[in-house]
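Here are my notebook entries from a walk through this model. Have the structure open beside you and follow along.

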Amino acid sequence: MEKSIESVQSEGRSFAADPAFAARARVRSLAEYEALYARASQNPDEFWAERAGELAWERPWDAVCEGDFPPGPRWFVGGRLNATVSCLDRHLSTWRRNKAALIWEGEPGDARTLTYHELHREVCRAANALAALGVKTGDRVGIYLPMVPELAIAVLACARLGATHSVVFGGFSADALRDRMNDAGAVCVITADGGYRRGKVVPLKQAVDEALREKGGSPTVKKVLVVRRTGEAVAMSEGRDLWWHDLVARQSSSFAPVAVDSEHPLFILYTSGTTGKPKGVVHSTGGYLTHVAYSTQLVFDLRDEDTFFCTADIGWVTGHSYVIYGPLANGATTVMYEGAPDTPEPDRLWRIIDRLGVTVFYTAPTAIRAFMRWGDQWPARCSLASLRLLGTVGEPINPEAWMWYRRTIGKEHCPIVDTWWQTETGGILIAPLPGATPQKPGSCTRPLPGIHPEVVRRDGTPCVANEGGYLVVKRPWPSLLRTVWGDPARFEKSYFGEIKGVYFTGDGARCDGDGYFWVMGRVDDVINVAGHRLGTAEVESALVAHPWVAEAAVVGRPDELKGQALVAFVTLRGGRTPADGDAVMLAAHVVKEIGAIARPDEIRFSDALPKTRSGKIMRRLLKEIAACGHAEGDITTLEDLNVLAKLSMSSDEE
Ligand code: PRX
């Protein structure tokens with residue numbers, strides 16, 4: 001595996017933790033971090049018990065951790081809790097009762113603040129409404145909402161009654177929603193008439209109607225609860241669809257939390273894997289909440305005065321862990337913004353930071369690269385003086401973007417926490433502790449106490465310093481996914497099948513002589529487009545579902561802005577010659593099947609794809625052709641050399 005150019009360039013650069021920051025931080029020096037790390041390694045049960053002990057439990061656990069992977073241990077065995085008690089109820093008996101829990105801003109400029117007390121009441125009302133609709137503990141509830149307060153309320157209402165929520169990002173299509181609802185066996189879907197994105201209305205209810213009507217629908221879904229957001233006219237199906245404002249508003253504002261087993265599935269979140277079918281990642285209640293509460297506290301050095309703004313949509317895991325559960329479990333103020341960062345102008349987020357006095361800001365490298373492209377004049381209009389800490393997540397950050405972020409947003413004094421984690425890990429595993437760990441641009445630095453990552457070779461033996469290999473985690477931690485919903489065999493194969501005895505992340509990385517991790521991206525057929533994870537197989541199966549398409553191979557190509565762009569190589573059926581407009585039409589077809597995030601950036605037609613003699617598509621060659629117009633590597637196993645010549649020609653013509 002080769003080092004990225006950025007990694008090479010930035011090697012040796014290091015930014016010590018800001019002394020003023022360190023003086024007040026939870027962990028103030030590298031020595032303190034190392035001592036904590038050593039203690040967690042030596043006595044993990046004691047360490048994790050302390051972390052879990054910071055949550056509210058209805059019944060304490062009998063054992064901290066039982067079993068090992070695979071398929072993974074159970075955590076806080078015998079313990080019972082309700083996640084919302086830790087996130088809401090326990091703050092009500094403190095001065096935080098009337099502290100802002102959630103500050104929300106809509107794209108059109110409307111705003112709403114909910115204190116802990118108010119959020120608690122709304123969550124109880126919504127839980128009562130769900131119960132009135134027949135939702136029971138253990139049922140699955142689909143949530144397909146824009147970034148409005150009701151999204152956080154709906155998530156917590158499910159948790160309150162012990163129903164497992166499955167949030168589907170509003171950018172996914174009706175087909176993708178249907179597949180997820182059917183896989184999860186959801187009994188109810190919570191949606192809205194629409195949401196705002198760049199001034200346009202995203203018609204979510206219409207998509208739900210289509211999901212429930214076409215291609216066999218979703219037979220388990222009996223009720224649809226609809227939030228009125230845009231006021232656009234929507235069809236309401238008698239007996240099935242109910243308005244949130246009718247039903248929720250008239251419910252009681254108290255609802256006794258249902259204490260569930262520590263291992264009870266808090267949520268299912270679908271994410272892309274290496275096959276065409278997304279995986280339903282299942283997270284537990286006790287273990288998940290323990291790690292997100294702990295990691296929020298440590299990595300963001302969170303304190304009561306903070307106003308924490310994570311720009312992720314709650315449709316992704318970052319939104320689950322660091323918009324809702326982590327900040328609220330810590331009694332923090334969390335900010336939620338509905339719309340696009342450049343609406344009405346590219347200074348929207350900076351204005352929010354100034355207006356609300358945001359202290360901690362967490363976003364994705366793709367967004368940072370977009371901010372750079374839009375120009376420094378936008379952040380320059382704002383003071384940004386309230387910021388004390390910056391974070392990034394979702395993809396490797398190129399050192400140039402890191403430096404820009406530090407200089408232009410952080411004004412050279414805010415530490416940057418580059419946080420590495422995954423949907424499956426539930427929370428952050430590798431990141432600097434901002435008052436302790438010197439930062440190197442482009443590296444997510446060192447693991448959190450309690451976390452044991454390693455870079456290994458395919459046979460599981462450890463790599464030496466700076467040798468590229470596979471990123472694995474050697475020991476269990478509480479917030480690892482528990483299974484793939486409905487497919488335990490896939491769970492074992494995907495994460496424990498490749499390299500024995502460890503959790504396999506699917507990422508390639510190297511670890512330098514200081515023990516710093518440099519994550520270089522996926523080593524499987526998963527690609528990261530603008531911080532969104534996509535399976536190439538998923539896009540391929542959407543393409544081949546079109547009657548004209550015989551074969552398709554989708555690969556990632558490096559992209560300055562999005563990290564990676566999607567390139568699809570397509571052969572048409574029956575020797576059909578591609579016509580003008582076919583590429584646009586096929587791209588639209590993928591958007592319908594999956595959603596706009598999966599729209600190929602480029603579709604190339606070809607009368608054959610490069611294959612090995614055994615018929616396997618040679619993706620490596622396609623990646624090279626997509627990236628630089630021709631294949632440079634070894635082609636000795638290629639079945640038909642002509643194919644390559646034609647593909648390279650077709651790319652040269654462009
Ligand atoms: O490849 C890694 C990349 O994003 C993948 C996880 O994607 P997802 O499950 O969608 O979760 C994203 C939000 C946690 C990882 O396998 N990734 C995530 N964070 C980083 C990263 N790559 C490099 N540096 C990071 N900080």
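I started in the loop between helix H16 (399–409) and S20, where Glu412 is found. This is a predicted model, so I read every angle below as a computed one. Glu412 has a positive phi of about 65 degrees, although Glu412 is not a glycine. I made a note of that because most residues other than glycine have a negative phi. Is Glu412 buried, exposed or partly exposed? I found 44% relative accessibility, so Glu412 counts as partly exposed.

Next I looked up Thr445, another residue other than glycine with a positive phi, near 65 degrees. Thr445 sits in the loop between S20 and strand S21 (453–456). Its relative accessibility is 0%, so I put Thr445 down as buried.

**Entry: cis peptide bonds**

I then checked the peptide bonds. Phe69 and Pro70 are joined by a cis peptide bond, and omega there is about -10 degrees. I located Pro70 in the loop between strand S1 (63–66) and strand S2 (74–77).

The bond from Thr343 to Pro344 is cis too, with omega near 0 degrees. Pro344 is in the loop that runs between strand S17 (333–337) and helix H13 (348–356). I flagged both bonds because most peptide bonds are trans.

**Entry: the ligand site**

Which residues come nearest to the ligand? I counted 16 residues around the ligand, and Asp418, Thr419, Thr423, Asp507 and Arg533 come nearest. By class, I wrote down five nonpolar, six polar and five charged residues in this shell.

In Thr423, an N or O atom of the side chain lies 2.6 Å from an oxygen atom of the ligand. In Gly394, a backbone N or O atom is 3.1 Å from a ligand nitrogen atom. In Pro396, a polar backbone atom is 3.4 Å from a nitrogen atom of the ligand.

How much of the ligand does the protein bury? Taken alone, the ligand exposes 540 Å², and the protein buries 95% of that. I also asked which elements give two or more residues to the shell, and they are strand S20 (416–419) and strand S25 (517–522).

**Entry: helix H5**

I wanted to know how helix H5 (residues 83–92) sits in the structure. Seven of its ten residues are buried, so H5 is largely enclosed by the rest of the structure. I listed the buried ones as Ala83, Thr84, Ser86, Cys87, Leu88, His91 and Leu92.

What do these buried residues of H5 pack against? I found strand S3 (80–81), helix H6 (116–132), helix H7 (149–161), strand S14 (265–271), H11 and helix H12 (317–329).

Thr296 has a relative accessible area of 0%, so I noted it as buried. Leaving aside neighbours within four places in sequence, Thr296 is in contact with Asp301, Leu302, Ser321, Tyr322, Gly326, Pro327 and Asn330.

I then picked Lys623, found in helix H20 (residues 619–628). With 38% relative accessibility, Lys623 counts as partly exposed. Not counting residues up to four places away in sequence, Lys623 touches Val555 and Gly556.

How far is Lys623 from His245? I have them 378 residues apart in sequence and 50 Å apart in space, C-alpha to C-alpha.

**Entry: the whole chain**

The secondary structure of the chain comes to 21 helices and 30 strands. Along its principal axes, the C-alpha trace spans about 75 × 65 × 55 Å.

Does the radius of gyration agree or disagree with that of a compact globule? With 654 residues, a compact globule would have a value near 26 Å, and the chain has 24 Å, so I recorded that the two agree.

Buried residues make up 61% of the 654 residues. The chain exposes about 24,000 Å², and I noted that carbon and sulfur atoms supply 51% of that area. I also looked at contacts with a separation of 6 or more: residues 24 or more positions apart account for 71% of them.

Technical notes:
Residues are numbered from 1 along each chain as its sequence is written. This is a predicted model: local features need pLDDT of at least 70, side-chain atom pairs count only at pLDDT 80 or more; totals for chains, interfaces and linings use all residues. Side-chain values use heavy atoms; hydrogens and water are left out. A residue is near a molecule or strand if one of its heavy atoms lies within 4 Å of it. A polar contact is a pair of N or O atoms within 3.5 Å; within protein, one must be able to donate a hydrogen and the other to accept it, and residues adjacent in sequence count only if both atoms are side-chain atoms. Accessible areas come from the Shrake-Rupley method with a 1.4 Å probe; for residues, only the protein chains shown count as cover. Helices (H or I, at least four residues) and strands (E, at least two) are DSSP runs, numbered from the N terminus. Ala, Val, Leu, Ile, Met, Phe, Trp, Tyr, Cys and Pro count as nonpolar, Asp, Glu, Lys and Arg as charged, and the others, Gly among them, as polar. The radius of gyration is taken over C-alpha atoms; the globule rule is 2.2 Å times the number of residues to the power 0.38. Buried means under 20% relative accessible area, exposed over 50%, partly exposed in between (1.4 Å probe, protein chains only). Contact means heavy atoms within 4.5 Å.
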